[in-house]
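Reader: I am new to this structure and would like to go through its salt bridges. Please show it to me.

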Amino acid sequence: MNITEQELTNFRSTFADYPEALSGLDKLESCDNNLDAAAEAIALENGYINNIRNSTAKLSVQGELDQGFLDGITEQAQKIICHKYSDDVLDIFKELRQFLPFPISIAALLAIKIVEIGVENFCTSFETETPAPLPNAVN
């Protein structure tokens, strides 16, 4: 999922008080504004991805996720986000950074993705079953 240059500029203003979130936006810009590619690059740089399965760059977190890294944690984030149902990117970011064991820069990218697809759409697919536990960092 890509965002526009204008959206990137707006998000830089929104996250101005969060340097680690801004570093995620820097990575996003270097990945041609592709949220998924930026999150995967940050995860790889920080040791959260230990397996690149094939040449199409489908990434796996500790061998458990077959989709892209951001899609995998997006599924986990539904339990955190959908109980409050805010559509403010900063509120979503603050919730995610509190509960997800990933760098703050990834929480910012995930919050942007959730807002871009629409919180209502994101939560519509929310299932009441308990999601699998989040993977820990690869050391």
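**Salt bridges**

Author: Asp26 has a relative accessible area of 43%, so it is partly exposed. The model is a predicted one.

Reader: How many salt bridges does the structure hold?

Author: A pair counts when a side-chain nitrogen of Lys or Arg is within 4 Å of a carboxyl oxygen of Asp or Glu. By that rule, the number of salt bridges in this predicted model is 4.

Reader: How far apart are the closest N and O atoms of Asp26 and Arg12?

Author: Asp26 belongs to helix H2 (residues 19-30) and Arg12 to helix H1 (residues 5-14), 14 residues apart, so the pair links distant parts of the chain. Between the two residues there is a salt bridge, with the closest N and O atoms apart by 2.9 Å.

Reader: Is Arg12 buried or partly exposed?

Author: Buried means under 20% relative accessible area, and exposed means over 50%. Arg12 has 24% relative accessibility, so it counts as partly exposed.

Reader: Which residues are joined with Arg12 into one network?

Author: Glu29 also forms a salt bridge with Arg12, at 3.0 Å between the closest N and O atoms. Glu29 lies in helix H2 and Arg12 in helix H1, so this pair ties together parts 17 residues apart in sequence. Through shared partners, the residues joined into one network with Arg12 are Asp26 and Glu29.

Reader: Are Lys113 and Asp36 buried or exposed?

Author: Their side chains meet in a salt bridge, at 2.9 Å from N to O. Lys113 is in helix H6 (residues 104-117) and Asp36 in helix H3 (residues 35-45), 77 residues apart. Both Lys113 and Asp36 are buried.

Definitions and conventions. Residues numbered from 1 in each chain as written. Predicted model: local features only at pLDDT ≥ 70, side-chain atom pairs only at ≥ 80, totals over all residues. Heavy atoms only, no water. Helix = DSSP H or I, 4+ residues; strand = E, 2+ residues; numbered from the N terminus. Buried < 20%, exposed > 50% of the residue type's maximum accessible area, 1.4 Å probe, protein only.
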